[in-house]
Amino acid sequence: MNRNPDLSLFLSSLSGEPVARPSLFEPFVVQKLTEQLIWRRGSHLWNTPESYTDTMISLRERTLSDVVFLDSRPYDLTETRAVLTRAEKRLHPLSGLIVLCDNPSAQALSESCSSVCAIGGYGPFLRPGNKPLIRMDGTPEAAIEEGASGFYAPRGGIELWRKYHGKIAICGGLGSSECENNSPVGIHAQIESIAGETNNAGFLPGSGGCISEHHYLQLISLLEGVIRLRA
């Protein structure tokens, strides 16, 4: 199994091209489950922009994601710059950054960073810029109209893919509640079925939300379901 990230696969899938394996899109892992996955815990993992960045990079290593997700929304621009600077120093050379933004200033700063491969956009003031935009809120129709590359679907991802394939990529889409109420075997089967139908062209699987700290097994099953298809 190749444990290295592959940013080219992520970008190809986002652009709607068939790729050999799925690329995980799971930007929100609760603090307790993140600490379980990286085998470390404590407030020191979160209390500065730099420590937060290190924690997110460690999480990518455990999930075998092709990208590191960084949320700029809790930070001002000075802190966001510190996050990006730290990430560029520590990022795996085959990986990239997706920065979640809710204001144009954070978007512009993030897009100026060469390691950023896409923006996760919130709110009415963000529009596609010089990096692909993944719309994290709103509707797929509005995301298509504004020219976004992807839409973060909280659930029903395969139905959205069937409807909008060729117009926008679907990210997430499994449904966090649906995952929490599913069995490991069921989650694996769902991921395999989606990969088989879509050829990973414009579908990047994930829960589409935030699996609660009480459902560690379901989160692990989601991650394993994607990882099994890396071979």
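Modeller: Let's start with Ser 13, which sits in helix H1, residues 7-14 (helices are DSSP runs of H or I, at least four residues, and strands are runs of E, at least two, numbered from the N terminus). This is a predicted model, where local features need pLDDT of at least 70 and side-chain atom pairs count only at pLDDT 80 or more, while totals for chains, interfaces and linings use all residues. Residues are numbered from 1 along each chain as its sequence is written, and side-chain values use heavy atoms, with hydrogens and water left out.

Ser 13 counts as buried because its relative accessibility is 0% (buried is under 20% relative accessible area, exposed over 50%, partly exposed in between, with a 1.4 Å probe and protein chains only). Leaving out residues up to four places away in sequence, Ser 13 touches Val 19, Ala 169, Asn 200, Ala 201, Gly 202, Phe 203 and Leu 204 (contact means heavy atoms within 4.5 Å).

Two of those names, Asn 200 and Phe 203, turn up again around the second largest cavity, along with Pro 22, Ile 191, Ile 194, Ala 195, Thr 198 and Pro 205. Helix H9 (184-198) and strand E7 (203-206) each give two or more residues to that lining, and H9 has the largest share, 4 residues. A cavity here is a set of points on a 1 Å grid over the protein atoms alone where a 1.4 Å probe fits but cannot get out, and lining residues have an atom within 4 Å of a point. The second largest cavity has a volume of about 40 Å³ (the space filled by probe spheres set on the points, which are joined across faces, edges and corners).

Notes: On a 1 Å grid over the protein atoms alone, a cavity is a set of points where a 1.4 Å probe fits but cannot get out, and a pocket is an open set with protein on both sides within 12 Å along at least five of seven lines; lining residues have an atom within 4 Å of a point.
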